[in-house]
Every structure is written in C-alpha cells, then in structure tokens.
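Here are a few exercises to work through with a structure viewer open. Try each task yourself before reading its solution.

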Amino acid sequence: MTRSKPMLTNLLLSLSLLFGCQRASMPGKTYAVVIGISDYQALTYTTGDLRFADRDAQQVATFLRSKAGGSVSNANIRLLTNRQATQETIQQALTLFRQAGPTDRVILYFSGHGLPDSFVPYDARPGDERKLLTYRVIKAAFHESNAKTKLCIADACMSGGITRQKTKRSALATNEPDGSNVAMMLASRSTQRAVEDGRLAGGAFTYFLLKGLTGQGDVDGNGIVTIRELHKYVSPQVKKRTKGQQTPIFYGRFSDELPLSYL
C-alpha cells in the first residue's frame, strides 16, 4: 500500500514536529547557586527566623535537576541552606559562575531575609553591615561570568531594591546587543515584604514560581514556559494570594520568548 504525496508530506511534517518537541531541551549547561535560610544564627523563631526558606531552596534545586528544569547535574548546583549559607560560603559558591561559557546559563536563587541593598546570610549580625551579601557583590559575580543567560531569582523582602542599584558595567542592569538575556525575578517591590504562607508551606512567590515552571505557566500549551508566560502567571497569582501586599517584579533585558522550562 502506498500513501498519496500530500498525505506523506503531512505525515512527515507531523513526525518532524513531534520529535522536534521531544528533542527540545535547555541549551548549553546550567550553573546554579541556590540559597535558602530559615534558621539564622542571630535569630529565633520569635525574633525573626523564617519557616520555609530552606525548603523552598531545596524544591528549586529539585526542579533544576528535573527534565523540565534542564536536568542540571549535582556538580553544577551549589545548594546552601541555613548554617551552610554564611557570607563567606555564598561568595565562594558564586565563583561557580566563572565556569560558564557563552552558550551556558547561570542562576542565583535566594530565599531568606532581605534589606534595601542586600540579602542577609546566615551569620549576619544586627548592625554589622560587614556580614551582608550586598547587591554589589552579586552583580560582580554575574559580570565575571561569560554566560549569555543570567537569572537572579529572589524570594526576599524588599528584593526589588536590586533594580535601583547603579554600579559600573552591572551585569544585572545592562545587556550587550549580542543575544544575551539578563533577568531578575523578584518577589516584591523595594518597599514590600515577601510573604510566607503556612497553607502553601512556602514563600508565596516561590510556590507560584514553581507551579508556573512545572506546567501552570504554559499558557499556549506548547510544552515550553517562557519568561513572559511565567510573569503573566506568577504576578497575578501572588498579588491575589497576598491580597495586594506583594507585587513580583520581572526586570532586565531579555527576550520575551526566553525559555525557562521544557515540559
């Protein structure tokens, strides 16, 4: 039995699309530093410790290891939680980004306390700015990487403040016209708190971020979640869940079609 030419052409096209989708995967390698701090050295639960930041970080690392997250190897992930996440160990972990080449991507995820100009490591002390993880240090780590795709994701109070920092040749504020994508996905504006939700057992921002990346954000149903789709899903969900107390920010210079997960 033979097939007519139009039928054969349509069959080949369908097979091409099918197998093309199956082959789709995250280009290059991914290098990720994932941080979550619930239990601070200088705090207790009654004086400011968090409940779910370390759990959120572990879930983000699990996502990155999954097929949807790019099947990132453990060797390319630095997961630091609670007492592991001192200022020194975080800064050392950020040197991982230097291993990335132009076709790779680097990701920093931080969940914990935030201040207007910094994130708060495990060993920070009230009134001692020397132990903070400043935005300047983070931007320098990104600038030192040759990766063309750079993502900074933060579930922390006042995290939107990082968009206002002005440093020379900031890798998180500018983008060379060479196909690079530099994006910041931040839980809140610079004047807002980031909410932990007991019913969600996590930060509201991270909860919906992961929901979006694992399927809910795939608006057009093509098996790829782009940064535009993720923003359209996450922002209204977080604002609704927190009753307007928290407005996520997606900031930077990047293609709206930048893929963040392949389902």
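This is a predicted model: local features need pLDDT of at least 70, side-chain atom pairs count only at pLDDT 80 or more; totals for chains, interfaces and linings use all residues.

**Exercise 1. Find the residues closest to the centre of the largest pocket, and describe its lining by class.**

Step 1: Start with the space itself, which comes to about 290 Å³ in the largest pocket.

Step 2: Look at what surrounds that space. The largest pocket is lined by 17 residues, and Leu115, Val120, Ala124, Pro126 and Leu132 are the closest to its centre.

Step 3: Sort the lining by class.

**Exercise 2. Locate the largest cavity and work out which elements give two or more residues to its lining.**

Step 1: Count the cavities of 30 Å³ or more; there is 1.

Step 2: Note the volume of the largest cavity, about 140 Å³. Its lining has 13 residues, with Phe63, Leu64, Ile107, Ile153 and Leu213 closest to the centre.

Step 3: Assign the lining to elements. Two or more residues come from each of α2 (53–65), β3 (105–111), β7 (149–155) and α5.

Step 4: Finish with the classes: this cavity's lining has 12 nonpolar residues, no polar ones and 1 charged.

**Exercise 3. Describe how helix α5 packs with helix α6.**

Step 1: Select residues 204–216 for α5 and residues 227–241 for α6; their axes come within 9 Å of each other and cross at roughly 145°.

Step 2: Judge the handedness. The crossing of α5 with α6 is right-handed.

Step 3: List who takes part. From α5 come Ala204, Phe205, Phe208, Leu209, Lys211, Gly212, Leu213 and Gln216, while α6 brings Leu230, Tyr233, Val234, Gln237, Val238 and Arg241.

Step 4: Group these by class, and the contact shows 9 nonpolar, 3 polar and 2 charged residues.

**Exercise 4. Is Gly28 buried, partly exposed or exposed?**

Step 1: Gly28 sits in the loop between α1 (5–23) and β1 (30–36).

Step 2: Apply the cut-offs, under 20% for buried and over 50% for exposed. Gly28 has 48% relative accessibility, so it counts as partly exposed.

Step 3: Check its partners beyond four places in sequence: Gly28 touches Thr103 and Asp104.

Step 4: Compare sequence with space. Gly28 and Arg105 are 77 residues apart in sequence, yet their C-alpha atoms are 7.2 Å apart.

Technical notes
Residues are numbered from 1 along each chain as its sequence is written. Side-chain values use heavy atoms; hydrogens and water are left out. On a 1 Å grid over the protein atoms alone, a cavity is a set of points where a 1.4 Å probe fits but cannot get out, and a pocket is an open set with protein on both sides within 12 Å along at least five of seven lines; lining residues have an atom within 4 Å of a point. Grid points are joined across faces, edges and corners, and a volume is the space filled by probe spheres set on the points. Ala, Val, Leu, Ile, Met, Phe, Trp, Tyr, Cys and Pro count as nonpolar, Asp, Glu, Lys and Arg as charged, and the others, Gly among them, as polar. Axes are lines fitted to C-alpha atoms, for helices over the stretch in contact, and angles run from 0 to 180 degrees between N-to-C directions. Helices (H or I, at least four residues) and strands (E, at least two) are DSSP runs, numbered from the N terminus. A crossing is left-handed if the near helix is turned anticlockwise from the far one by less than a right angle, and right-handed if clockwise. Contact means heavy atoms within 4.5 Å. Buried means under 20% relative accessible area, exposed over 50%, partly exposed in between (1.4 Å probe, protein chains only).
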